[in-house]
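Morning, everyone. Please have the model open.

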Amino acid sequence: MKSDGAIEIHQPSPAQGCGQCRKSGPLDFDFTFAYQPVVDLQKQAIYAHEALVRGPNGESAFSVLSKVNDGNRYSFDQACRVRAVKGAAELKMQELLSINFLPNAVYRPEACIQSTFEAARAYDFPIERIIFEVAEAEQVHDRPHLVNIFEEYRRYGFSTAIDDFGAGYSGLNLLAEYQPDVLKVDMDLVRNIDQNLPRQSIVKGIVAICRDLGIRVVAEGIETKAERDFLYGLGVHLMQGYLFCKPAFRALGEIDPAAWK
């Protein structure tokens with residue numbers, strides 16, 4: 001941290017490399033992105049856009065992710081970063097850009113982050129506006145490795161997020177070891193929360209923990225105004241879901257004015 005309070009970015013040396021990374025084979029399939037807004041309900045504005053992988057003609061994420069294997073995982077992860085940044089720049093995105101990454105494809109963070117720096121420079125997209133979050137479908141087998149990746153990315157000036165909190169690996173043990181900038185509450189905990197006392201208690205606890213730790217909370221999968229209003233009453237201002245906007249294929253989604261009311 002600089003003396004004036006600004007973040008000092010420690011960019012890795014271009015000379016650093018990784019032998020395991022170079023073993024990854026080329027991709028034999030194409031893909032692109034849809035962008036879904038994360039809204040700030042308090043400000044009635046878009047806070048960020050999450051880059052969601054899609055087939056070249058808008059096919060589902062599964063149609064793309066099912067083609068990722070141990071042989072092409074690194075190449076896919078690197079291509080995701082570059083294409084997400086390129087797409088955001090071409091769409092003139094002014095808000096934060098959230099990119100899912102595959103922790104099992106990152107061998108050395110200082111080497112694997114090179115393509116992101118290069119894309120940010122090439123497309124003039126500030127790295128301070130990039131959030132790295134863990135991909136929903138990824139199974140993390142080495143939590144200390146994930147924590148190290150997060151810590152390195154933060155050191156380089158990126159924000160970090162834990163996605164789908166409350167499902168799979170994203171549990172309290174991970175949160176005790178690393179406190180991200182953003183925590184995204186899994187949509188299964190959000191669904192019909194206004195009518196479900198156990199979910200209400202669990203999410204209240206998550207929000208309280210994040211408040212104590214200085215972590216911003218995003219509620220995922222908001223589909224009804226009742227869900228929205230209950231979570232807003234808990235102090236959750238950042239939300240994502242079909243109530244506000246569906247993922248926009250190769251575009252930036254616009255919020256229906258009725259979603260604010």
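One cut-off before we start: buried means under 20% relative accessible area, exposed means over 50%, and partly exposed lies in between. Keep in mind that this is a predicted model.

Let's apply that cut-off. Take Glu152, with a relative accessible area of 17%. Is Glu152 buried or exposed? Its 17% is under 20%, so Glu152 is buried. Its partner is Arg155, and the two side chains form a salt bridge, N to O, at 2.9 Å. Arg155 has a relative accessible area of 38%, so Arg155 counts as partly exposed. Where do the two sit? Both are in helix α6, residues 143-155. They are three residues apart, which means about one helical turn separates them.

Now the wider count. How many salt bridges does a search of the whole structure find? The search gives 14.

Next pair: Lys184 and Glu133. Their side chains meet in a salt bridge at 3.2 Å, N to O. This one links distant parts of the chain. Lys184 is in strand β6, residues 182-185, and Glu133 is in strand β4, residues 130-134. They are 51 residues apart. Both Lys184 and Glu133 are buried. They also belong to a network of salt bridges, which links Glu50, Glu133, Lys184 and Glu220.

One more pair. Glu223 and Arg191 form a salt bridge through their side chains, at 3.6 Å, N to O. Again, distant parts of the chain are linked, here 32 residues apart. Both partners are in loops. Glu223 is between β7 (216-219) and α10 (225-233). Arg191 is between α8 (187-190) and α9 (197-213). Glu223 has 43% relative accessibility, so Glu223 is partly exposed.

On to the nonpolar side. In soluble globular proteins, nonpolar side chains tend to be buried together. Here, the largest nonpolar core has 69 residues. Which of them touch the most other members? They are Phe31, Phe76, Leu97, Tyr153, Phe158, Leu231 and Phe244. Helix α3, residues 73-90, gives the most to this core: seven residues.

Look at Phe244 up close. Setting aside neighbours within four places in sequence, its contacts include Val39, Leu41, Ile222, Met239, Ile255 and Trp260.

Technical notes: Residues are numbered from 1 along each chain as its sequence is written. This is a predicted model: local features need pLDDT of at least 70, side-chain atom pairs count only at pLDDT 80 or more; totals for chains, interfaces and linings use all residues. Side-chain values use heavy atoms; hydrogens and water are left out. A salt bridge is a side-chain nitrogen of Lys or Arg within 4 Å of a carboxyl oxygen of Asp or Glu. Helices (H or I, at least four residues) and strands (E, at least two) are DSSP runs, numbered from the N terminus. Buried means under 20% relative accessible area, exposed over 50%, partly exposed in between (1.4 Å probe, protein chains only). A nonpolar core is a set of buried Ala, Val, Leu, Ile, Met, Phe, Trp, Tyr and Cys residues joined through side-chain atoms within 4.5 Å. Contact means heavy atoms within 4.5 Å.
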